[in-house]
Amino acid sequence: MFEGNYGLFNQLLGTDIVWLADSSTVWICLLIVSTWKGIPYATLMFLAGLQGIPGDLYEAAYVDGAGPFRRFWHITLPLLSPVIMVTALTSMVATWTKFETIWTMTSGGPGYTTSILPVYIYMKAFRSFEMGVGSAVAVVAMLVMTIFHYYLSKSSTGNIQKGCDDMTKKRKPVANLFFYIGLAIVMFIILFPMIWLVLCTFKPNEEIFLPRSCTFSPFNPTIDSYIYAFNDQNKLLLYLGNSLFTAALTAIITMFFAATGGYAIGRKNLLGHQRDYRILNDRPDVPRPCDHDSLVQNGQRHAYSEH
């Protein structure tokens with residue numbers, strides 16, 4: 001689609017722009033692809049969140065005289081905040097680690113325009129075989145994303161802690177002991193690659209490639225990998241800025257289109273669930289729904305006839 005000679009965009013627009021080789025257009029192409037890949041998941045998230053809001057709240061607010069904006073601001077937005085947080089976080093993480101898209105389309109070019117941290121890690125670790133530097137940059141990227149995740153999910157920490165406390169209170173002391181032992185084993189298995197990555201940052205490159213020296217701790221700890229990584233000549237800040245720019249802008253655009261798309265689908269029933277429901281309703285083994293008011297009226301009528 002973005003090919004300079006035979007691409008679809010040049011065919012439709014009648015231009016001869018080399019989209020992926022021009023620094024003024026390459027970001028537009030990458031944002032289009034990243035947003036296109038993230039919109040379906042985010043749309044389903046917003047659709048599920050909107051359908052989970054009780055309609056009674058809107059009816060009560062309408063009776064109290066609240067307009068559309070006040071209903072959105074005081075009902076929709078607060079109840080959608082967990083969905084917004086999860087969608088923003090997943091979109092940021094997915095774009096933050098979007099190595100294959102950028103490497104396939106631009107390989108980090110033109111120049112360093114689209115070079116992000118995963119591209120820099122790959123170039124250092126698997127092209128230059130500087131495993132220590134690549135591991136150091138990966139640790140920096142992990143720390144940045146961890147800090148962002150902490151501040152983004154800080155509002156829900158209390159609910160998570162309360163749920164964990166409720167789970168542990170329901171168990172007996174012996175059951176709690178086995179629970180924490182199992183949890184520690186699982187967490188160690190999950191975190192072991194990260195621990196190994198951090199330890200590799202303190203190993204010299206010669207020690208990492210030393211034959212038959214698979215040691216857990218470094219022989220001669222050094223911080224040369226971090227010093228080299230933060231050297232201005234290696235443009236680490238440029239890669240970090242490109243990563244933050246891509247992740248933030250992609251998340252904003254994705255959530256905008258996903259929110260409008262989820263609202264449109266939920267409003268206009270574009271998924272065809274009404275048709276599917278009518279098909280199911282014709283089957284004899286599927287119970288048909290009954291209106292609550294009609295049930296009450298029928299019950300009262302039945303009770304009156306008995307008297």
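This is a predicted model: local features need pLDDT of at least 70, side-chain atom pairs count only at pLDDT 80 or more; totals for chains, interfaces and linings use all residues.
1. Let's start with helices α2 and α4. Helix α2 covers residues 26-51, and it packs with α4 at an angle of about 160°, the axes being 9 Å apart. That angle makes α2 roughly antiparallel to α4, and the crossing of the two is right-handed. On the α2 side, the contact is made by Tyr-41, Ala-42, Met-45, Phe-46, Gly-49 and Leu-50. Facing them from α4 are Thr-76, Leu-80, Val-83, Ile-84, Val-86, Thr-87 and Thr-90. Sorted by class, this contact has 9 nonpolar and 4 polar residues, with no charged ones.

2. Helix α4 also packs with α3 (residues 55-63), here at an angle of about 165° and with the axes 10 Å apart. An angle over 145 degrees counts as roughly antiparallel, and α3 and α4 are therefore roughly antiparallel to each other. The crossing of α3 with α4 is right-handed. From α3 come Leu-57, Tyr-58, Ala-61 and Tyr-62, while α4 brings Arg-71, Ile-75, Thr-76 and Leu-79. By class, the contact of α3 with α4 has 6 nonpolar residues, 1 polar and 1 charged. If you are browsing the structure, Thr-76 of α4 is worth a click: Thr-76 is listed in the contact with α3 and also in the contact with α2.

3. Apart from its neighbours within four places in sequence, Val-133 is in contact with Tyr-120, Lys-124, Ser-225, Tyr-228 and Ala-229.

4. Helix α6 (residues 117-127) has a run of buried residues: Leu-117, Pro-118, Val-119, Tyr-120, Ile-121, Lys-124 and Ala-125. Please note Lys-124 in that list, as Lys-124 is buried and is one of the contact partners of Val-133.

5. Thr-246 sits in helix α12 (residues 236-268). Is Thr-246 buried or exposed? Its relative accessible area is 5%, and buried means under 20%, so Thr-246 counts as buried. Setting aside neighbours within four places in sequence, Thr-246 is in contact with Trp-27, Leu-31, Thr-95 and Ile-116.

6. The loop between α5 (99-105) and α6 holds Pro-110, and the peptide bond from Gly-109 to Pro-110 is cis, with omega near -5°. Ser-107 is in the loop between α5 and α6 as well. Although Ser-107 is not a glycine, its phi is positive, about 55°. At a relative accessible area of 42%, Ser-107 is partly exposed.

7. Phe-129 lies in the loop between α6 and α7, and at 47% relative accessibility Phe-129 counts as partly exposed.

Technical notes. Residues are numbered from 1 along each chain as its sequence is written. Side-chain values use heavy atoms; hydrogens and water are left out. Helices (H or I, at least four residues) and strands (E, at least two) are DSSP runs, numbered from the N terminus. Buried means under 20% relative accessible area, exposed over 50%, partly exposed in between (1.4 Å probe, protein chains only). Contact means heavy atoms within 4.5 Å. Axes are lines fitted to C-alpha atoms, for helices over the stretch in contact, and angles run from 0 to 180 degrees between N-to-C directions. Angles under 35 degrees count as roughly parallel, over 145 as roughly antiparallel, 65 to 115 as roughly perpendicular and the rest as oblique. A crossing is left-handed if the near helix is turned anticlockwise from the far one by less than a right angle, and right-handed if clockwise. Ala, Val, Leu, Ile, Met, Phe, Trp, Tyr, Cys and Pro count as nonpolar, Asp, Glu, Lys and Arg as charged, and the others, Gly among them, as polar.
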